[in-house]
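Take a look at the sequence and the fold below. The paragraphs after them walk through one part of the structure at a time.

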Amino acid sequence: MREQGRRGGVIRSLLGVARLAEDDGAGAGEGGSKKEDGGGAERKAVVRVVAADMPPALQRRAFRCARDELAGMPHFPRRLEPKRLALALKKEFDTAYGAAWHCIVGTSFGSYVTHAKGGFLYFSVDKVYILLFRTAVEPPPH
């Protein structure tokens, strides 16, 4: 049991969500950006990993990019722009880690994909689900 508790702490630490209750409003950690709810009170966006085959540094970059892009979207009325978020993540990862990244964003979707080793992340930020994956690019035959 102790190992499982430690692993959960590592995952929460990786996501930065362990500080949710402790944060006094001084700043947003890796776990989420601050958002205002309907009553004007601020809260942190909750990031949850559903499945991953990706190094932690790349995961943190994806979380940060997604949170930043979501924070820039209209709040009143709250309107998700899935294409905008998918494009931002794809461009970020194509630029930083090479071509062939793909991104699917939405509140409800199904998928079945093949990905390159170390290039798969399925996570959510609040109720928005994000699938980010890389495919292997083979040079064209001569």
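The model is predicted.

Start with strand 6, residues 128-134. Is this strand mostly covered or mostly open? It is mostly covered, with 5 of its 7 residues buried. Strand 6 pairs with strand 4, residues 101-106, through 6 bridges. The two run antiparallel. Strands 5 and 6 form a hairpin, with 2 residues between them.

Now turn to the core. The largest nonpolar core has 23 residues. Those with the most contacts inside it are Leu85, Leu89, Phe93, Phe123, Val125, Ile130 and Leu132. Which elements give two or more residues to this core? They are helix 2 (56-71), helix 3 (82-97), strand 4, strand 5 and strand 6. Helix 2 gives the largest share, 6 residues.

Next come the rings. How many aromatic pairs does a search of the whole structure find? It finds 6. In one of them, the rings of phenylalanine 63 and phenylalanine 123 have centres 5.1 Å apart. Their planes meet at 65 degrees, so the pair is edge-to-face; the cut-off for that class is over 60. This pair links distant parts of the chain. Phenylalanine 63 sits in helix 2 and phenylalanine 123 in strand 5, 60 residues apart. Both phenylalanines are buried.

A second pair joins phenylalanine 93 and tyrosine 97. Their ring centres lie 5.2 Å apart and their planes are at 50 degrees, so this pair is tilted. The two residues are 4 apart in helix 3, so about one helical turn separates them. Tyrosine 97, at 27%, is partly exposed. Ring pairs link Phe93, Tyr97 and Trp101 into a cluster.

Phenylalanine 93 has other neighbours. Leaving aside residues up to four places away in sequence, it touches Met54, Leu58, Arg61, Ala62, Gly98, Trp101 and Leu132.

Finally, look at two backbone angles. Alanine 100 lies in the loop between helix 3 and strand 4. Its phi is positive, about 85 degrees, although it is not a glycine. With a relative accessible area of 11%, alanine 100 is buried. Aspartate 126 lies in the loop between strand 5 and strand 6. It is in the turn of the hairpin, and its phi is positive as well, about 55 degrees. Is aspartate 126 buried or exposed? At a relative accessible area of 19%, it is buried, because the cut-off is under 20%.

How values were computed:
Residues are numbered from 1 along each chain as its sequence is written. This is a predicted model: local features need pLDDT of at least 70, side-chain atom pairs count only at pLDDT 80 or more; totals for chains, interfaces and linings use all residues. Side-chain values use heavy atoms; hydrogens and water are left out. Buried means under 20% relative accessible area, exposed over 50%, partly exposed in between (1.4 Å probe, protein chains only). Two strands pair if DSSP finds at least two bridges between them. A nonpolar core is a set of buried Ala, Val, Leu, Ile, Met, Phe, Trp, Tyr and Cys residues joined through side-chain atoms within 4.5 Å. Contact means heavy atoms within 4.5 Å. Rings of Phe, Tyr and Trp (its six-membered ring) pair if their centres lie within 6.5 Å; planes under 30 degrees apart count as stacked, over 60 as edge-to-face and the rest as tilted.
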